[in-house]
Amino acid sequence: MEFFIDTADVAEIREAQSMGVLDGVTTNPSLVAKTGRPFREVLEEICSIVDGPISAEVVATDADGMVAEGGRLAAIHPNITVKLPLTVDGIKACKALAGRGIKTNLTLCFSANQALLAAKAGATFVSPFVGRLDDIGQDGMALINDIVTIYRNYGYATKVLVASIRHPEHVHAAALMGAHVATIPFAVIRKLAAHPLTDKGLAAFLADWQGTGETI
Ligand code: E4P
């Protein structure tokens, strides 16, 4: 399973990258706005830190505008993946950009039918938002299961990128379902490594070792 970090904060990206488990980065307009920095500058810095797909989202809402913005974003670095909203215009733009060999990530996916359209349009990734579905009382992970099953049924090459992850259990469930990628906030990446029995066991090992007076 590939792990992307879901942030535009370069300090977080550097820290996660130092763990050696990062395969890519996803950003969105809200995450970029939070940095207070110019979009292009942030993207260039992210591309210099992580060697993998870096999602950068368009803000145009018409297909021609999305294609134009997508072309400009893709020109920044070969690892840029153009993020497009899962609308009719986004699907048209996906088809056009995919035809030019540009990687795409169809975002704001909330249904299996939207994911089917993304695959048929040649999207590199589709991003179903599990946390936002959970927030309105629906089952985000059930959508992941549906999309993984449908893509397997037809052999679609589009990768399922689980987004809007809120907690480690989302990652665990996504891995069991065979989702290709999880894009994970920094705080949740840290939580993946945490277990109280690990902390307790380590403290006991170190206390016992100290009693031996030995060094390694
Ligand atoms: C990533 O591609 C998405 O934009 C992100 O996961 C959305 O997360 P949120 O629902 O926590 O804003």
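The following legends describe close-up views of a predicted model.

**Figure 1. Overall architecture of the predicted model.** The secondary structure of the protein comprises 11 helices and 8 strands. Of the 216 residues in the protein, 47% are buried. Among contacts between residues at least 6 apart in sequence, 57% link residues at least 24 apart.

Figure 2. Val10, Ile13 and Ala16 are buried in helix 1. These residues cover an arc of only 125° around the axis and therefore lie on the same side of helix 1. The cover over the buried residues of helix 1 includes strand 1 (2-6), strand 2, helix 3 and helix 10.

**Figure 3. The buried face of helix 3.** Helix 3 (residues 39-49) has Val42, Leu43, Ile46, Cys47 and Ile49 as its buried residues. Viewed down the axis of helix 3, these residues fall within an arc of 160°, so they line one face of the helix. Several elements contribute to the cover over this buried set, including helix 1 (10-17), helix 2 (29-35) and helix 4 (63-74). Strand 2 (24-26), strand 3 (54-57) and strand 4 (80-85) are also among the covering elements.

**Figure 4. The largest pocket and its lining.** The volume of the largest pocket is about 400 Å³. Its lining consists of 24 residues, and Asp6, Thr7, Asn28, Leu31 and Lys34 lie nearest the centre of the pocket. Helix 2 and helix 10 (186-192) each supply at least two lining residues. The largest share of the lining, 4 residues, comes from helix 2. By class, the lining of the largest pocket contains 8 nonpolar, 9 polar and 7 charged residues.

Figure 5. Thr183 belongs to strand 8 (residues 181-184). With a relative accessible area of 1%, Thr183 is buried, because this value is under 20%. The side chain of Thr183 forms a polar contact of 2.5 Å with the side chain of Thr26. A polar atom of the Thr183 side chain also lies 3.5 Å from the backbone nitrogen of Asp6. Apart from neighbours within four places in sequence, the residues in contact with Thr183 are Phe4, Ile5, Asp6, Thr26, Leu161, Val162, Ala163 and Ile165. Asp6 is also one of the residues nearest the centre of the largest pocket.

**Figure 6. Ser55 in strand 3.** Ser55 is located in strand 3 and is buried, with a relative accessible area of 1%. The side chain of Ser55 makes a polar contact of 3.1 Å with the side chain of Asn105. When residues up to four places away in sequence are not counted, Ser55 touches Val25, Thr26, Thr27, Thr81, Lys83 and Asn105. Thr26 in this set also makes the side-chain polar contact with Thr183. Between Ser55 and Ile150, which are 95 residues apart in sequence, the C-alpha to C-alpha distance is 24 Å.

**Figure 7. Thr61 in the loop between strand 3 and helix 4.** Thr61 lies in the loop that connects strand 3 and helix 4. Thr61 is exposed, with a relative accessible area of 65%, a value over the 50% limit for exposed residues. Not counting residues up to four places away in sequence, Thr61 touches Met66 and Asp89. The C-alpha atoms of Thr61 and Lys95 are separated by 15 Å, and these residues are 34 residues apart along the chain.

**Figure 8. Two residues with positive phi.** Most residues other than glycine have a negative phi. Leu108, which is not a glycine, has a positive phi near 60°. Leu108 is placed in strand 5 (residues 104-109) and counts as partly exposed at 33% relative accessibility. Ser164, likewise not a glycine, has a positive phi of about 60°. Ser164 is situated in the loop between strand 7 (159-162) and helix 9 (168-177). With a relative accessible area of 8%, Ser164 is buried.

Notes:
Residues are numbered from 1 along each chain as its sequence is written. This is a predicted model: local features need pLDDT of at least 70, side-chain atom pairs count only at pLDDT 80 or more; totals for chains, interfaces and linings use all residues. Side-chain values use heavy atoms; hydrogens and water are left out. Buried means under 20% relative accessible area, exposed over 50%, partly exposed in between (1.4 Å probe, protein chains only). The arc is that of the directions from the helix axis to the C-beta atoms. Contact means heavy atoms within 4.5 Å. On a 1 Å grid over the protein atoms alone, a cavity is a set of points where a 1.4 Å probe fits but cannot get out, and a pocket is an open set with protein on both sides within 12 Å along at least five of seven lines; lining residues have an atom within 4 Å of a point. Grid points are joined across faces, edges and corners, and a volume is the space filled by probe spheres set on the points. Ala, Val, Leu, Ile, Met, Phe, Trp, Tyr, Cys and Pro count as nonpolar, Asp, Glu, Lys and Arg as charged, and the others, Gly among them, as polar. A polar contact is a pair of N or O atoms within 3.5 Å; within protein, one must be able to donate a hydrogen and the other to accept it, and residues adjacent in sequence count only if both atoms are side-chain atoms.
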